[in-house]
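Thanks for sending this one over.

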Amino acid sequence: NKLLDKYEYADGVKTGYTTSAGHTLVSSATRDGWQLLAVVLKSDSNNIWKDSIALLEYGFAYFQPIKIIEKEQEVGSIEVKYGDMVSTETQEEFYTVVEKDGPPVTTKPIYKPDIKAPVEKGEVLGDLEIYIGAEKIGSVPILAKNEVKRKIYTLWWFWPVTILLVFYLPFRIMVSIRRYKRRKYRYGYISYYGGKKYYR
């Protein structure tokens, strides 16, 4: 592979030839921490090296790798039915290659509809979609950053039990007071004072 001598950034890969494909070269080069691959088919044998270098140089000149999403990157907070707000974060990183001075890279969170408590920490709540211009290029899962418990007053049995207690407890208290008074005056009690018994 003469490209290894002709191009300072080259680090592979393989030459080849068939009757139908002609002279071919799959080449790779690494510069500034990222690697490009170039494939040349049916090239003139004298130009295959020059064509490959031109392709690799074009890639390095007009494109760049970028990290769009960090792992555990905060996305925002959303409301949870029957619970409090939940904070959200990304599950993983997302890298891509973009054209220099090309369309802007944007993200759009898409949550599951009608998220209800309880919500477990780390539960998948949706996806963070990534776009270059109007084209979607990928997505990463959105996770719950914290646990959200269901509020007790949203449980189906809470209000019937509460209403029952509101009316039943005063009634039971009144009944207990009446029973106490009846027992007190029905049986009386004995007290001792100065060695003598007094009945009331």
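1. A salt bridge here is a side-chain nitrogen of Lys or Arg within 4 Å of a carboxyl oxygen of Asp or Glu. Side chains of opposite charge can pair when their charged atoms come close. This is a predicted model, in which local features need pLDDT of at least 70 and side-chain atom pairs count only at pLDDT 80 or more, while totals for chains, interfaces and linings use all residues. Residues are numbered from 1 along each chain as its sequence is written, and side-chain values use heavy atoms, with hydrogens and water left out.

2. How many salt bridges does a search of the whole structure find? The search gives seven. One of them joins Lys 151 to Asp 84, with the closest N and O atoms 3.2 Å apart. This pair links distant parts of the chain, 67 residues apart: Lys 151 sits in the loop between β10 (135–144) and α3, and Asp 84 in the loop between β5 and β6. Helices (H or I, at least four residues) and strands (E, at least two) are DSSP runs, numbered from the N terminus. Lys 151 has a relative accessible area of 27% and is therefore partly exposed; Asp 84, at 47%, also counts as partly exposed. The cut-offs are under 20% relative accessible area for buried, over 50% for exposed and partly exposed in between (1.4 Å probe, protein chains only).

3. Asp 114 deserves a look of its own. Its side chain meets that of Lys 81 in a salt bridge of 4.0 Å, N to O. Lys 81 is partly exposed at 38%, and Lys 116 is partly exposed at 40%.

4. Lys 67 belongs to a network of salt bridges with Glu 70 and Glu 93. Lys 67 also stands opposite Tyr 95 in β7. Strand β4 (residues 63–69) and β7 run antiparallel and are joined by six bridges; two strands pair if DSSP finds at least two bridges between them. Strand β7 (residues 94–99) has two faces: Phe 94, Thr 96 and Val 98 are on the covered one, and Tyr 95, Val 97 and Glu 99 on the uncovered one.

5. Now the backbone. Most residues other than glycine have a negative phi, and most peptide bonds are trans. Which peptide bond is cis with omega near 15°? That is the bond from Gly 12 to Val 13, and Val 13 lies in strand β1 (residues 10–18). The bond from Ala 117 to Pro 118 is cis as well, with omega near 5°. Pro 118 is in the loop between β8 (105–111) and β9 (124–132).

6. Tyr 82 has a positive phi of about 70° although it is not a glycine. This residue lies in the loop between β5 (74–78) and β6 (86–90) and is partly exposed, with a relative accessible area of 30%. Asp 101 likewise has a positive phi, near 60°. Its place is the loop between β7 and β8. Is Asp 101 buried or exposed? At 84% relative accessibility, Asp 101 counts as exposed.

7. Gln 73 and Glu 92 are 19 residues apart in sequence and 8.4 Å apart in space, C-alpha to C-alpha. Gln 73 lies in the loop between β4 and β5 and is partly exposed, at 28% relative accessible area.

8. Last, a patch of positive charge on the surface gathers Arg 172, Arg 178, Arg 179, Lys 181 and Arg 182. Patches are made of residues with over 30% relative accessible area and no salt bridge, with like charges joined within 9 Å. Among the members, Arg 179 is found in helix α3 (residues 158–187) and counts as partly exposed, at 41% relative accessibility.

Terms used:
Patches are made of residues with over 30% relative accessible area and no salt bridge: like charges are joined within 9 Å, nonpolar side chains (Val, Leu, Ile, Met, Phe, Trp, Tyr) within 5 Å. Accessible areas come from the Shrake-Rupley method with a 1.4 Å probe; for residues, only the protein chains shown count as cover. Lys and Arg count as positive and Asp and Glu as negative; His and the chain ends are not counted. The place of a charge is taken as NZ of Lys, CZ of Arg, CG of Asp or CD of Glu.
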